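Please open the model in the viewer and keep the selection tool at hand. The stops below are to be taken in order.

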Amino acid sequence: MLKKNIRWQDIKQRHTDENKEEPSMAMLEVKNIYKSYGTVEILKGVSFTMEQEETKVIIGPSGTGKSTLLRCINQLSPPDKGQVWLDGEEITNPKTNINKMREKIGFVFQDFNLFNHLTALRNVSIGLEKVKKMEKDAAKKRAMQELTRVGLASQANQYPAQLSGGQKQRVGIARALAMDPDVILFDEPTSALDPELIGDVLDVMKSLCGKVAMLVVTHEMGFARNVANEIIFMEGGVIVEQGAPKEMFTNAKMARTREFLGRIGALYGEEETGG
Amino acid sequence: MALEALIESLPSLLDGLIVTLLLTAFGILLGTTLGIVLATGRSYAKRPIAYSILIYEKVLRGIPLLVLLFLIYFGLPQIGINMDAFTAAIIGLGLRSSAYQAQIYRGAINSIPEGQIHAAFSLGMNKLKAIRHVIMPQMLRLSIPGWSNEFTILLKDTSLAFGIGVIELMRQGRYIQVRDPDSVLLVFLLIALIYFALVFTANRTMRYVEKKYQMAGYQTEAHR
């Protein structure tokens, strides 16, 4: 924690010193992102910022570009236009070492994408060994800590096919955490799970709140409402409205936001949009 | 009488068998190494390289092995490339096998979900690391059945090296036939049996390997 703060100060310092082209003061800054697949324009100019250890939740109807936005941030599908800055470095700059930047951006996939040929433990330790060049034993020890953190210490030696969906996703989270990222991007982490397994994954995510920055695309309104520092509502490739959960749920400015939240609130039942 | 001839022929058949095994070993080594490189290149390299590999595969899969062996052993000396028949046989067998094996590995690569490499990238692995640590281990496991098949084909096709004068099992049989024409049926039955036993053993071994490296969710056999 202390180390991070110091580094943060350095970056701030550097920016005020040099004052080069629009330096980014936020930890993560997404600037005016455009992305098309073929002739279909998915993202039409999306901008927002994130601070350290902040939790932001992106909500919105399907096909709105929420997942695409996450993939644009870590360059799994590079944006056509716009910039992404992390810790004062422009990820979208072709000169930037993208692999180095990706080490700082955890990614949790909707369909887990655990390495099928590796045990849960090795899934978590492989990045430490092969990317961070940690010693095998140290990497295993660290991986075990992360598995313990997500409550899967006893499943360490099982292969993905032997785990339930909820367990797989928790391994996915442990894998991202082990790399000590600045921010973790969650791409609908509970959408592929049985309702009864969703709770375990959400509990793990809640426990990370305030420890690492999280950008979460989800339809879990309870999570958005109770955990997020800010909710971003996206539709049609743009951000329609963003604000604190309380404000968004009780007092949204845009009619479209109110409509969406009302509909999804009714659908998911347990969290009413009122009070 | 015939039995005597058979017993007499055993030492020379054994010599031939050793040459056959050497041809198989070197041929499969060359074919596998090159095949993996080709398949990886075809799937992940830039377009011109991938396209060149495609042409290589098409050409080598389109030429009969015997023609290829003749080209290498009798044809290449005309442009100043000389080698002994044993080396020529290994190169011919290896190159042909690499083209077929590349297809096996490419099929395996294509069956690995795209999310696997995305996950590798998201950890900060570069392409080479992702291929080596994530794609390769899964690809090899998925390739075992196809590879076993190719191995047995190569083993049997070493007999074509007889055509360029390599003194392997087949050629030794031919020598015996020339010396003692009456024994021809028995001798070639024996040679057939030797090939069969080799293939059978190879298949058994590969099934063992397949089982040993099998893992939950990665069974390559059907459930009945």
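**A tour of chains A and B**

Select residues 28-37 and 81-86 of chain A: strand β1 and strand β4 pair here in the antiparallel sense over five bridges. Strands (E, at least two residues) and helices (H or I, at least four residues) are DSSP runs, numbered from the N terminus, and two strands pair if DSSP finds at least two bridges between them. This is a predicted model, in which local features need pLDDT of at least 70 and side-chain atom pairs count only at pLDDT 80 or more, while totals for chains, interfaces and linings use all residues. Residues are numbered from 1 along each chain as its sequence is written, and chains are lettered from A and ligands numbered from 1 in the order in which they are written.

Within this pairing, select A:Val30, which stands opposite A:Val84 in β4(A). Then widen the view to the open sheet of four strands, whose order is β2-β1-β4-β5 (chain A), with antiparallel pairing. Its edge strands are β2 (40-50) and β5 (89-90) of chain A, each of which pairs on one side only.

**Helices of chain A**

Next, select α4(A) and helix α5 (residues 136-149) of chain A, whose axes come within 8 Å and cross at roughly 125°. Axes are lines fitted to C-alpha atoms, for helices over the stretch in contact, and angles run from 0 to 180 degrees between N-to-C directions. The angle makes α4(A) oblique to α5(A); angles under 35 degrees count as roughly parallel, over 145 as roughly antiparallel, 65 to 115 as roughly perpendicular and the rest as oblique. The crossing is right-handed, a crossing being left-handed if the near helix is turned anticlockwise from the far one by less than a right angle, and right-handed if clockwise.

To see where the helices meet, highlight residues of α4(A) including A:Leu121, A:Val124 and A:Leu128, and residues of α5(A) including A:Ala139, A:Ala143 and A:Leu147. Residues are in contact if their C-beta atoms, placed from the backbone, lie within 7 Å.

**Helices of chain B**

Move to helix α3 (residues 65-75) of chain B and α4(B), which pack at an angle of about 135°, with their axes 9 Å apart. These two helices are therefore oblique to each other, and α3(B) passes α4(B) in a right-handed crossing. Among the residues that meet are B:Leu68 and B:Ile72 in α3(B) and B:Ala88 and B:Gly92 in α4(B).

The contact includes B:Leu93, B:Tyr100 and B:Ile104 of α4(B), and B:Met139, B:Leu142 and B:Trp147 of α6(B).

**A loop residue**

Now select B:Phe162, in the loop between α6 and α7 (169-179) of chain B. Is B:Phe162 buried or exposed? With 22 C-beta neighbours inside 10 Å, B:Phe162 counts as buried; the term requires 20 or more other C-beta atoms within 10 Å, whereas exposed means 12 or fewer and partly exposed lies in between. Not counting residues up to four places away in sequence, B:Phe162 touches B:Glu168, B:Met170, B:Arg171 and B:Arg174. Its C-alpha atom is separated by 9.1 Å from that of B:Gln172, ten residues apart along the chain.

Notes. Two residues are in contact if their C-beta atoms, placed from the backbone, lie within 7 Å.
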